[in-house]
Amino acid sequence: MFFKQNERKGLNFRETAHQILSATRCCFLGFFRNPRTIILFLFGVVLCFLLSSRVTEVAEYYGTTMQAAEPFIWTFGDSTAILLISLLLTFLFSDLPKLTPFTPFHLMRTTKSRWLISQLLYIMLCTALYILFILIVTVVLCMKYSYTGDLWSETAAILGYSTLGDQLNVPSTVKVMESITPISCMLQVALLMFAYSLTLGFLILPGNLLFGKKAGMFFALLYSLYGFLLDPDVLGKILGFETWELYRVRSIVGWISPLNNAVYGMHDFGYDNLPSIAQSLLIFGGILAVGIIISWRAVKKYNFTFLGT
C-alpha cells in the first residue's frame, strides 16, 4: 500500500510537471518572431551601447584596459540605468497573461493553478534570458579594452580613486573594489537586476488579471516612478535637502525603495546603515510572493476570452 501511494504521487508529480512545462513551452511559440521581442532586444543593444560608452571613453582616453565584467558592473551600477533597462522589459510583458491557440486545450486538461505556474515560469525565463543578453552585449561592446583575469583594472582605479567617476556619473567606488572580485560582483549585480525586473513582471500579471490588459502596465509604471522618486539625489532636490543631509535620506530609501535595493552600491559594505544583498533579495522575494498570491486569487475569477477558430 505504501509503495503504491508513493508511486501514485510520483506519477501525479510527473504529470503536473509535464502539464506546466507544456503550457510554458506554448507561451514561447513564435517568441523570437514576435515584434515585441525583436524591438526589446534591439533597444536593449542601443541602450547598452549608450550607457557603456561612458566607461569605454575613459579606457580609450587613458590607454588602459578593463576586466571583462567591469563594463556591466559600472554601466548598471546606478538606479537610472537599471530603471531604463527594466522598463524595456515591461513592453514584452504588456500582453500578459500569455494566451495561445493551445490555452483552451491546457485549461481543459489541467487546472488554472498549473496554468498560472506556467505563466510565472514564462516570466522568469524571459527575464533571465533578457538579463543574460544584456550582460553578453555589454561585455562584447567593450571587449576591445577588456581582459579576463579576475582582478580590478587600472580603469576602475582611475574612476574610483578620483573625481572622474562622479563627473561621468559612473558608480565606481573604492568600497566595492575592496570587498569583492569583479566576476563575483558582476554575478550579484545581475542577480539584483533579475530580481527587480522580475517584480515588474509579477506586478503586470495580477494587474492584467484583475483589471484588464492596460492595468498591469499602469502598476508597473507606478512602481518604477515610486523607485525613481525615492532616488536619494532626486528626493533631496525635491525636498530641498543640503548635501550633508543626504546621508540620512540614503539610509532610509536604501530600505524602502525596491529600485535602490537593485543597485549594488546601495548596500552595506560595513560603512552605511543599508541592507545587505541577502536582505534585498528577501525584500524582492516578499514582493514576488504578494504578486503570486494576488495572481492566484485573481485567476480563479478570470474570464478567459478566445476569438477566432
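Let's start with Arg36, which lies over the face of Phe91, 5.5 Å from the ring centre. To count as a charge over a ring, NZ of Lys or CZ of Arg has to be within 6 Å of the ring centre and within 35 degrees of the ring normal. Lys300 does this too, over the face of Trp296, at 3.6 Å from the ring centre.

Quick note before I go on: this is a predicted model, where local features need pLDDT of at least 70, side-chain atom pairs count only at pLDDT 80 or more, and totals for chains, interfaces and linings use all residues. Residues are numbered from 1 along each chain as its sequence is written, and side-chain values use heavy atoms, with hydrogens and water left out.

Okay, the overall picture. The chain has 15 helices and two strands; those are DSSP runs numbered from the N terminus, with helices being H or I of at least four residues and strands E of at least two. Of the 309 residues, 48% are buried. Buried means under 20% relative accessible area, exposed means over 50%, and partly exposed is in between, using a 1.4 Å probe and protein chains only.

Now the inside. The largest nonpolar core has 76 residues, and Phe72, Phe76, Phe93, Trp152, Tyr196 and Tyr264 have the most contacts inside it. Helix H10, residues 182-211, gives the most to this core, with 14 residues. By nonpolar core I mean buried Ala, Val, Leu, Ile, Met, Phe, Trp, Tyr and Cys residues joined through side-chain atoms within 4.5 Å.

Let's zoom in on Trp152. Skipping neighbours within four places in sequence, Trp152 is in contact (heavy atoms within 4.5 Å) with residues including Glu70, Tyr147, Thr181 and Cys185. Thr181 is in the loop between helix H9 (174-179) and H10, and is partly exposed at 31% relative accessible area. Thr181 and Trp152 are 29 residues apart along the chain, with their C-alpha atoms separated by 7.2 Å. What joins the side chains of Thr181 and Asp150? A polar contact of 3.3 Å, where a polar contact is a pair of N or O atoms within 3.5 Å; within protein, one must be able to donate a hydrogen and the other to accept it, and residues adjacent in sequence count only if both atoms are side-chain atoms.

On to the rings. How many aromatic pairs does the structure hold? There are 13. Rings of Phe, Tyr and Trp (its six-membered ring) pair if their centres lie within 6.5 Å; planes under 30 degrees apart are stacked, over 60 edge-to-face, and the rest tilted. Phe41 and Phe133 have ring centres 4.6 Å apart and planes at 85 degrees, so that pair is edge-to-face. Phe41 sits in helix H2 (residues 35-62) and Phe133 in helix H6 (residues 112-141), so the pair ties together parts that are 92 residues apart in sequence. Phe41 is buried, at 15% relative accessibility, while Phe133 is partly exposed at 24%. Ring pairs also link Phe28, Phe31, Phe32, Phe93 and Tyr122 into a cluster.

The structure holds zero disulfides, meaning pairs of cysteine sulfur atoms within 2.5 Å. For Cys26, the nearest cysteine sulfur is that of Cys27, 7.2 Å away. Cys142 is in no disulfide either: the nearest cysteine sulfur, that of Cys48, is 9.2 Å away. Cys142 is buried, at 1% relative accessibility.
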